Amino acid sequence: MDETQLSSIIKRLERLEKAVFLDKKQERPVKPNDFTGLKGGINLLISRSFFKTKKNLSNTKQELEKHDYYYSPAAIQTTLNRLSSRTGPLAAFREGQKKVYVKRK
């Protein structure tokens, strides 16, 4: 085996290892079909840093509609509550009478 074949094999191996063994800190690559349904729409907003600041239900509904996700407020509220569980990507708390959501750090 000569040097060019060996370097080619090493490059392929490094590329495969990078694809299979992602860093825990590195987020997995986003695929277009990851954003299907209401949960996918909210994940789209999370990936675009929409929840970097506090957002309530009406802000979230308006932003979802800008991205062609049309759902009832009750369905959006339920999904936001599920995504703001202890291990979810969002944190929820009350500010006055309204519940607000922000990305968990």
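I looked up what covers the buried residues of helix 2 and found that the cover includes helix 3, helix 4 (73-83), strand 1 (90-95) and strand 2 (98-103). Helices (H or I, at least four residues) and strands (E, at least two) are DSSP runs, numbered from the N terminus. The model is predicted: local features need pLDDT of at least 70, side-chain atom pairs count only at pLDDT 80 or more, and totals for chains, interfaces and linings use all residues. Residues are numbered from 1 along each chain as its sequence is written, and side-chain values use heavy atoms, with hydrogens and water left out.

I listed the buried residues of helix 2 as Leu38, Gly40, Gly41, Ile42, Leu44, Leu45 and Ile46; buried means under 20% relative accessible area (1.4 Å probe, protein chains only).

I then checked the pair. Helix 2 (residues 37-47) and helix 3 (residues 57-66) pack at about 95 degrees, with axes 10 Å apart. That makes helix 2 roughly perpendicular to helix 3 (65 to 115 degrees; axes are lines fitted to C-alpha atoms over the stretch in contact, and angles run from 0 to 180 degrees between N-to-C directions). From helix 2, Leu38, Gly41, Ile42 and Leu45 meet Thr60, Glu63 and Leu64 of helix 3, contact meaning heavy atoms within 4.5 Å.

I noted Lys55 in the loop between helix 2 and helix 3. Lys55 is buried without a salt bridge (a side-chain nitrogen of Lys or Arg within 4 Å of a carboxyl oxygen of Asp or Glu). The nearest side chain of opposite charge, Glu63, is 7.2 Å away.

Definitions and conventions: Parallel < 35°, antiparallel > 145°, perpendicular 65-115°, else oblique. Buried < 20%, exposed > 50% of the residue type's maximum accessible area, 1.4 Å probe, protein only. Lys, Arg positive; Asp, Glu negative; His and termini not counted.
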